[in-house]
Amino acid sequence: MKKILILLISLTAFHGKAQKSDIAAEDLNGIRAIGSPANPKVKVYWNKYSDHAEIYRICSDLAKTYPDLVKVQSIGKSVEGRDIWLMSITDFKTGTADRKPGFYIDGNIHANELQGTEVALYTAWYLAESFQTVDFIRELLRDKIFYIAPTINPDSREYFIKHPNNPNSSRTGRLPLDDDGDGLVDEDLLDDLDGDGNIVMMRRKSATGRYKVDCDNPQRMVMAKPDELGEYEMLGYEGLDNDGDGRVNEDAVGTYDPNRDWGWNWQPDYIQRGALYYPGMLPETKAVKKFILEHPNIAGAQSYHNYGGMFLRGPGAADDEKYYTRADVQVYDYIGKLGEKMVPGYNYFVIHKDLYTVFGGEIDWMALGRGIFTFSNELMTSYKLFNRKSGEGRFENTEFEDFDKLLLFGDGYVKWKPYKHPQFGDIEIGGPKKNYIRNHPGFLLMEDSHRNMAFTILHAHQMPKLEVVETRKKDLGGGLTEITAIVMNRRIMPTHSAHDVRYKIERPDYISLKNAGVVAGMIVENEDFGITVEQKMNPEKIAVENIPGMGFVKVRWIVKGKTDNAAVEIDSAKGGLVSRKLQ
Amino acid sequence: MRIKLLLLGMLAILTPALAQTGYSSHSQLSARLKSLPAKSRLAALASIGKSSGGKDIWAVTLSAGDHSKNKAVLIVAGADGRHPAGTEMAVKLAEALVALPADSLAGLLKNKTLYIIPGLNPDALEQVTAGLKYERSGNATTRDDDRDGRTDEDPFEDLNADGLITQLRIEDPTGTYVSAKDDARVLVKADAAKGETGKYLLITEGTDNDKDGRFNEDGPGGVNIDKNFTYNYPMFEREAGEYQASEPETRAFLDFLYKNNNIHTVFHFGLSNNLSEATKFDRANASKRIISGLQEKDAAVTEMVSKMYGKAGITNAPVLPQTAGNLTQTAYYHAGRFSYSTPGWWVPKAKETEKKAGPPARKPEGSGPEADYLKWADEVGVKAFVPWTRVSHPDFPDKNVEVGGLMPYALHNPPVPFLDSAVIRHQAFFTDYLNALPRTEIVNTRVESLGNGVNRVTVTVVNKGLLPTYAEIGDRVRYIYKVSCKIRLSEAQTLLSGKPNNYRGAMAAGESEEYSWLINGKGKITVEGGSPTSGISHLELTLK
């Protein structure tokens with residue numbers, strides 16, 4: 001009864017008229033740029049990257065400023081003991097927060113892929129700051145809950161930001177491992193020879209080298225033509241042979257892949273490079289798994305990565321293609337294809353077909369292990385540099401060099417400079433800075449955060465929204481009444497994916513008749529021809545395996561006695577709780 | 001109700017009807033294991049983790065010197081709780097070894113370590129000594145076995161109050177079972193090809209509590225650890241768990257195995273058998289991306305080990321195929337160790353057929369393993385059968401329902417005294433196996449002076465054992481330490497030629513490799529060669 005009242009109140013509240021006094025004055029006049037809060041209560045600059053302290057600052061400021069919208073908690077500790085922060089964002093004053101359809105977002109599982117964190121933080125900030133001004137967001141947070149973990153690899157993120165790295169290093173976490181099998185752990189790390197915080201490339205003048213300087217672009221090294229002499233040999237990333245074994249930088253901290261540590265089609269390191277002993281060895285992935293298993297209301301999920309401009313769905317491995325049925329793919333197609341319009345330059349792709357094979361990846365565990373509709377966005381693409389796709393490959397074109405020259409004024413690269421190397425002698429070091437190439441330049445970061453957030457909100461908005469659309473009573477005589485209820489799902493995502501139905505991952509949805517003397521209960525498969533399936537046990541609580549996207553189920557009870565106070569209640573793990581009094 | 005059943009079960013233990021007692025509870029096992037270190041200075045005991053029900057998982061270490069520096073064999077049992085006999089054999093084996101004269105045990109363990117984890121799934125193993133006995137595989141993790149949204153809503157019921165969960169046969173026109181021809185007590189599937197039509201429904205003892213048409217499909221008992229390992233994991237199957245290695249027992253075992261990189265071979269007393277009859281080499285399976293067949297050299301070694309097993313007098317083992325997500329295959333395909341499993345004990349072959357030569361692993365002689373077991377049990381006077389007796393059953397009000405059948409655990413778990421001869425034979429086999437372990441040595445060392453302080457140092461690393469340094473599949477596994485040969489120089493010495501650290505793949509029995517270096521300088525250098533699974537030798541040489 002109380003729930004129905006709340007529902008009614010919030011229904012009337014929703015019409016865009018509510019609580020105008022809460023809207024900042026700036027939002028009502030011309031200062032406000034459309035789509036952005038003009039005077040947000042929580043101040044954040046969206047053209048930089050956040051370290052661990054700043055991530056917590058944003059999370060806790062949002063929670064303090066918007067206590068009825070944002071709550072922050074630690075879901076576990078990393079290898080080095082940092083908290084993994086997670087924000088729960090919903091309209092806490094309406095309904096039961098953890099029973100609303102839930103959308104899980106994380107970022108930065110690969111620590112060098114920084115901007116997943118910024119998109120996740122931006123999403124939290126945008127939702128909280130727009131709740132009063134944008135009707136759609138208010139309705140969204142009334143119906144759904146977002147769980148946002150800005151980084152699930154905080155140790156290595158901090159290491160990437162604060163210590164010397166190159167664009168590709170620190171994909172791993174910080175669990176010490178003996179990478180080269182010599183019994184020593186982490187004894188040959190990358191070395192920042194010039195102490196500038198960036199690990200760039202080493203080159204050496206050589207009569208036998210096969211590389212030369214690009215005459216149009218002195219920053220760039222190109223292969224000499226097949227019949228042409230080169231000037232330089234390339235010596236790899238900046239470093240020393242610290243342990244004197246004749247190899248450079250061969251045993252860094254970690255060098256495993258946290259995104260190969262998940263319990264779906266996990267394979268060992270010799271099949272899937274980066275795997276550990278078994279899935280779930282890392283405290284970070286364990287914490288996420290635990291959270292997701294404890295929140296069966298999570299119906300959709302997004303894990304932000306970089307690079308390449310892609311909306312990826314599973315499966316990660318071709319032999320799991322059999323788990324993707326047509327009905328489930330249609331849901332992904334709807335979101336993925338609209339996404340291509342929303343984020344220019346991004347493509348809707350399938351991991352194993354369009355990227356590469358991944359065994360034991362996070363999104364496969366969520367999608368196939370738990371039946372959650374999951375996307376993984378690969379943020380940033382070279383398309384964003386000049387708003388076009390180059391016809392040439394990454395190593396043939398000069399887009400990054402040109403962009404650096406024309407729009408970054410040379411900020412993207414460490415210029416080649418001489419260095420006396422203890423093992424290589426006179427060399428030169430130079431190349432892209434660690435935050436160039438894979439991570440967005442500042443002025444592109446906010447725009448892409450917004451576009452990717454919008455994609456994810458589209459995804460989240462399509463999580464199930466259940467409604468009892470109709471109830472009917474029929475007097476059967478002899479004190480018996482037949483009650484029929486039609487339950488509709490007003491979004492395209494079903495309460496159970498077809499894969500979930502097949503393997504019974506999540507419990508059935510229950511449609512119950514309360515406050516009535518139920519004699520029999522049944523699912524109505526076809527009302528016109530009177531085809532019903534009786535449920536013999538607990539007929540008052542009908543179990544249905546799924547409520548399809550934009551579809552409905554009909555249930556029927558035979559009741560004796562009064563039905564004045566009877567109500568139909570839907571209890572769906574991923575579809576939420578809904579109740580309606582009988583007319 | 002539950003207390004009443006428990007009491008009835010406790011009474012049943014006290015009656016002589018139950019011949020197959022003698023198994024130890026977890027606390028009894030713990031006490032037996034804790035007494036071992038006092039009996040030999042070479043024995044140590046540690047807990048490698050706790051089960052989901054909070055019970056210790058014990059590991060006995062038998063070693064002369066630092067156990068981690070010795071090549072090692074690991075014996076594990078009780079991953080599937082339906083096999084307490086494996087646990088009992090492993091403990092008896094540890095007890096027998098510790099009881100050896102001190103010098104013969106020290107001789108057996110020279111440069112070697114034997115790890116024994118006797119009960120990997122203590123939560124499930126406990127059921128064999130519980131008031132109500134049923135064959136339980138699962139640990140204490142709560143699982144919704146039938147995935148209907150309710151947990152543990154349809155357990156067994158002890159309808160005849162004998163403390164045992166056996167079976168129900170119901171005379172019914174839709175039944176598909178008939179009495180076996182060779183033993184009327186045993187029910188077998190009616191075979192239409194033999195003109196048979198079914199007479200009985202056959203289900204486990206209990207009622208359909210949740211009225212879903214299935215009997216006892218969701219009782220207490222969560223994850224079968226021998227179904228929770230990473231290789232060929234049976235996702236979504238009953239008792240397999242939430243995902244690969246989701247259980248603390250599985251993780252404790254894998255952590256122990258991976259971290260002890262000296263473990264060369266894993267032996268598993270369990271409900272599969274690849275020891276008495278070696279797995280054949282299959283090139284297609286061995287070379288798939290996801291490898292599903294023994295590597296070629298490993299298949300040859302496995303065959304040799306299988307013969308060694310037969311020579312120890314262990315014969316006529318039953319065919320028991322490897323199962324999905326089990327320990328034995330994971331230890332080989334994922335952890336890269338030689339890995340063997342055997343139930344350890346089985347029904348001895350009937351006397352009249354004993355002389356006939358047959359394959360090392362055999363098919364049942366009668367209508368099935370149950371009939372074979374009962375025949376043997378009758379001969380040796382083991383009570384293993386509950387006679388079919390009529391009961392009234394709420395789900396079959398007008399039917400002839402009888403409770404009875406083979407006692408739980410009987411098939412693979414005889415009364416404990418019957419395990420003694422199997423333990424003696426396995427002790428002989430493990431002694432042979434420990435003696436066959438690889439032994440890498442540095443031989444044929446030479447220091448030649450080339451004049452002016454330049455020395456050529458040459459050594460050969462050879463495997464003098466009867467087994468390879470480690471399994472061929474180990475060469476693919478990142479966490480297996482390869483065979484290495486390294487030199488250590490002092491500050492004053494310089495290396496002119498040769499790599500300071502040399503690594504290579506597994507070395508077969510008798511295989512060797514020569515290494516040489518050019519060194520400028522004087523004084524002593526150290527050479528180190530071998531691998532953790534075959535022993536690492538150190539040698540000091542003096543430059544000329």
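Begin by selecting helix H6 of chain A, residues 283–294: its 12 residues should span 16 Å at 1.5 Å a residue, and the end C-alpha atoms are 16 Å apart, which agrees. The expected span is 1.5 Å times one less than the number of residues. Helices (H or I, at least four residues) and strands (E, at least two) are DSSP runs numbered from the N terminus.

This is a predicted model, in which local features need pLDDT of at least 70, side-chain atom pairs count only at pLDDT 80 or more, and totals for chains, interfaces and linings use all residues. Residues are numbered from 1 along each chain as its sequence is written, while chains are lettered from A and ligands numbered from 1 in the order in which they are written.

Within H6(A), display A:Glu284, A:Thr285, A:Ala287, A:Val288, A:Lys289, A:Phe291 and A:Ile292, which are buried (20 or more other C-beta atoms within 10 Å of the residue's own, C-beta atoms being placed from the backbone).

Turn now to the contact between the chains, with 26 residues from chain A and 28 from chain B (C-beta atoms within 7 Å, placed from the backbone). On the side of chain B that touches chain A, select helix H7 (248–259) and strand E19 (501–504), each supplying at least two residues; H7(B) gives the largest share, four residues.

Finally, colour chain B by pLDDT, the predictor's confidence in each residue from 0 to 100. The average is 92, but residues 1–20 of chain B stay under 50.

Terms used
Two residues are in contact if their C-beta atoms, placed from the backbone, lie within 7 Å. A residue is buried if 20 or more other C-beta atoms lie within 10 Å of its own, exposed if 12 or fewer, and partly exposed in between; C-beta atoms are placed from the backbone.
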